[in-house]
Amino acid sequence: ARAFAVRSESLLLVVLRRFRTRRMRLFERTFALSPATRVLDVGGSAEIWRLASVRPRLTILNLPAAVAPAPADVDRVSGDGCRLPFGDAAFDIVFSNSVIEHLPTRALQQQFAAEAARVGRGYWIQTPNLRFPIELHMMLPLVHFLPKRLQSAVVRRFTGWQLLTRPSEAQRRYYIDHFLNELNLLSASGLRSLFPGGQIISERFLGLKKSLIAMRR
């Protein structure tokens, strides 16, 4: 069973890396990214930028407990994505990868979106699609369409995420509680309403819209 889990995790990492690399290439082409482009990554880390073929002038902002090590040429800032400590149009692009769905209320998502639009001349905000049949945090089909009571009954017993990542018991409890009580997935219409000045583009898997990107150039 352990060997199966290791092989499955390796396959998952390969698939995720492929999607993320393709996404970064689209991001680079969309904005004609260069070493002079000023990019603010809200809620991210340096990890995804290792997949980029161009290193912009990068600043990474995250909550104090989540600020991770980064190369010397990357600025790191502790802060809240709903209250960005920067002036209007301080960056060419505000970039965010799978963050906005972790804000538990619509009001917080609206604050996050407004701050991204204020601080960036352009923005690129990616999030999983509520309408995709597989819930990508729990790695389970259709669970996010169930009533909360049934969601809880399912995910407290089994998730694909747990099988693949083998978390500690404390990590498992925290992640599942976050999924049940705070995760706030968005559809295309929901994302469009948060970013009325932007364009919504889709990433597809097997013809289905796996994730969504609100983008303004």
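This is a predicted model: local features need pLDDT of at least 70, side-chain atom pairs count only at pLDDT 80 or more; totals for chains, interfaces and linings use all residues.
**View 1. Helix H2 and its buried residues.** Welcome to helix H2, which runs over residues 106–119. Its 14 residues reach 20 Å from the first C-alpha to the last, close to the 20 Å expected at 1.5 Å a residue. Gln109, Phe112, Ala113, Glu115, Ala116 and Val119 are buried in H2. Looking down the axis of H2, you will find these buried residues within an arc of 160°, so they line one face of the helix. An α-helix has 3.6 residues a turn, so residues three or four places apart point the same way. The cover over the buried residues of H2 includes strands E1 (38–42), E4 (91–97) and E5 (120–128), along with helix H6 (188–194).

**View 2. Helix H5 and its packing partners.** Helix H5 takes in residues 169–181, and its 13 residues reach 18 Å between the first and last C-alpha, close to the 18 Å expected at 1.5 Å a residue. Its buried residues are Arg172, Ile176, His178, Phe179 and Leu180. They pack against strand E6 (134–135), helix H3 and helix H4 (160–165).

**View 3. A buried salt bridge between Glu203 and Arg23.** Here the closest N and O atoms of Glu203 and Arg23 are 2.7 Å apart. The pair links distant parts of the chain, with Glu203 in strand E8 (residues 199–205) and Arg23 in helix H1 (residues 2–31), 180 residues apart. Both partners are buried.

**View 4. Arg55 and Asp73 join two loops.** This salt bridge has its closest N and O atoms 3.0 Å apart. Arg55 lies in the loop between E1 and strand E2 (57–62), while Asp73 lies in the loop between E2 and strand E3 (75–78), so the pair ties together parts 18 residues apart in sequence. Arg55 counts as partly exposed, at 30% relative accessibility.

**View 5. A nonpolar surface patch.** Leu146, Leu150 and Val154 make this patch of about 190 Å². Val154 lies in helix H3 (residues 148–155) and counts as partly exposed, at 34% relative accessibility.

Methods
Residues are numbered from 1 along each chain as its sequence is written. Side-chain values use heavy atoms; hydrogens and water are left out. Patches are made of residues with over 30% relative accessible area and no salt bridge: like charges are joined within 9 Å, nonpolar side chains (Val, Leu, Ile, Met, Phe, Trp, Tyr) within 5 Å. Accessible areas come from the Shrake-Rupley method with a 1.4 Å probe; for residues, only the protein chains shown count as cover. A salt bridge is a side-chain nitrogen of Lys or Arg within 4 Å of a carboxyl oxygen of Asp or Glu. Helices (H or I, at least four residues) and strands (E, at least two) are DSSP runs, numbered from the N terminus. Buried means under 20% relative accessible area, exposed over 50%, partly exposed in between (1.4 Å probe, protein chains only). The expected span of a helix is 1.5 Å times one less than its number of residues. Contact means heavy atoms within 4.5 Å. The arc is that of the directions from the helix axis to the C-beta atoms.
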